[in-house]
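Trainee: I would like to learn how to read strands, cores and contacts in a model. Please take the features one at a time.

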Amino acid sequence: MPDASGDDIRGRRDYALFVRRDNGVFLKLSDEGVAIEGDRLFWSSAGGEDSRPLGEVRGVHLFVAHIAEYGDFGTCEIRFDAPSLLLVTASSATGFPDEERNPVYAAFVHDLHRALAARPAKAVRFSAGASEGRLRGMQILLVILSLFFIALPLVLLVWSGDARLLAGAMFGAIVVAGGYAWMQKNRPRDYDPRRVPEDMLP
């Protein structure tokens with residue numbers, strides 16, 4: 001898989017990452033490739049390649065998605081002047097974590113922040129984490145999972161003495177612990193572009 005090449009941020013740097021223009025549901029990602037060259041950001045599209053000046057970027061938001069039994073992958077949401085959004089993700093085409101893309105994604109995020117940090121202060125808002133609504137939903141889900149996959153098996157274990165229920169409770173605890181770790185990692189916050197939060201880079 002091609003990685004970012006060259007050490008000079010002024011030259012073109014290409015990153016083998018999937019991109020899309022909205023947060024809608026998708027079956028498979030098809031547009032692959034994003035690049036930084038000079039003061040412009042380029043990305044692949046159905047029509048070939050699009051680009052916008054970095055000066056039109058008004059917001060960068062980092063988020064980490066978790067898929068049980070598969071792991072994490074990062075997404076970088078880039079907002080421009082107009083109500084326009086570009087999402088750059090470290091996932092595979094089918095939306096699952098892809099470990100080979102993680103270092104490419106980290107390089108892109110660091111290079112993008114380095115380029116944007118040179119712009120006037122407060123021109124771009126840098127934020128990270130999940131929305132309050134998504135966090136509340138996860139909290140409710142974790143309570144439900146704890147009741148059904150931890151508390152209930154333990155109660156049945158005491159009542160029936162069937163040791164197999166302990167394995168079910170342990171599996172439930174692992175799932176809940178993973179969800180709790182995801183919540184801690186994705187707490188909403190703003191950050192300094194010169195100090196990219198490393199927990200946002202899987």
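Trainee: How many residues of E7 are buried?

Mentor: Buried means under 20% relative accessible area, exposed means over 50%, and partly exposed lies in between, with a 1.4 Å probe and protein chains only. Strands are DSSP runs of E with at least two residues and helices are runs of H or I with at least four, numbered from the N terminus. In E7, 5 of the 5 residues are buried, so the strand is mostly covered. This is a predicted model, in which local features need pLDDT of at least 70 and side-chain atom pairs count only at pLDDT 80 or more, while totals for chains, interfaces and linings use all residues. Residues are numbered from 1 along each chain as its sequence is written, and side-chain values use heavy atoms, leaving out hydrogens and water.

Trainee: Which residues point which way from E7?

Mentor: Leu85, Leu87 and Thr89 point to one side of E7, Leu86 and Val88 to the other, and all are buried.

Trainee: Which bridges join E7 to E1 and E6?

Mentor: Two strands pair if DSSP finds at least two bridges between them. E1 and E7 run antiparallel and are joined by 3 bridges; Val19 has Val88 in E7 as its bridge partner. E6 and E7 are also antiparallel, with 5 bridges. Arg79 stands opposite Leu85 in E7, and Glu77 has Leu87 as its partner there. E6 and E7 form a hairpin, with 4 residues between them.

Trainee: What else is there to read in E6?

Mentor: E6 is mostly covered, with 7 of its 10 residues buried. E5 and E6 run antiparallel, joined by 10 bridges, and the partner of Phe63 in E6 is Thr75.

Trainee: How should I read the largest nonpolar core, and which residues touch the most other members?

Mentor: In soluble globular proteins, nonpolar side chains tend to be buried together. A nonpolar core is a set of buried Ala, Val, Leu, Ile, Met, Phe, Trp, Tyr and Cys residues joined through side-chain atoms within 4.5 Å. The largest one here has 33 residues, and Leu41, Val60, Leu62, Cys76, Ile78 and Phe108 touch the most other members. Elements that give two or more residues to this core include strand E3 (40-45), strand E5 (57-67), strand E6 (71-80), strand E7 (85-89) and helix H1 (102-117). H1 gives the largest share, 8 residues.

Trainee: What is Leu41 in contact with, apart from its neighbours in sequence?

Mentor: Contact means heavy atoms within 4.5 Å. Leaving aside neighbours within four places in sequence, the contacts of Leu41 include Val34, Ile36, Arg52, Ile78, Leu86 and Phe108.

Trainee: Is Arg52 buried or exposed?

Mentor: Arg52, in strand E4 (residues 48-53), counts as buried because its relative accessibility is 19%. A polar contact is a pair of N or O atoms within 3.5 Å; within protein, one must be able to donate a hydrogen and the other to accept it, and residues adjacent in sequence count only if both atoms are side-chain atoms. The side chains of Arg52 and Glu56 make such a contact at 2.5 Å. Not counting residues up to four places away in sequence, Arg52 touches residues including Asp39, Trp43, Phe80 and Asp81.

Trainee: What does the side chain of Arg189 reach?

Mentor: The side chain of Arg189 reaches the backbone oxygen of Arg187 at 2.8 Å. Arg189 lies in strand E9 (residues 189-190) and is buried, with a relative accessible area of 18%.
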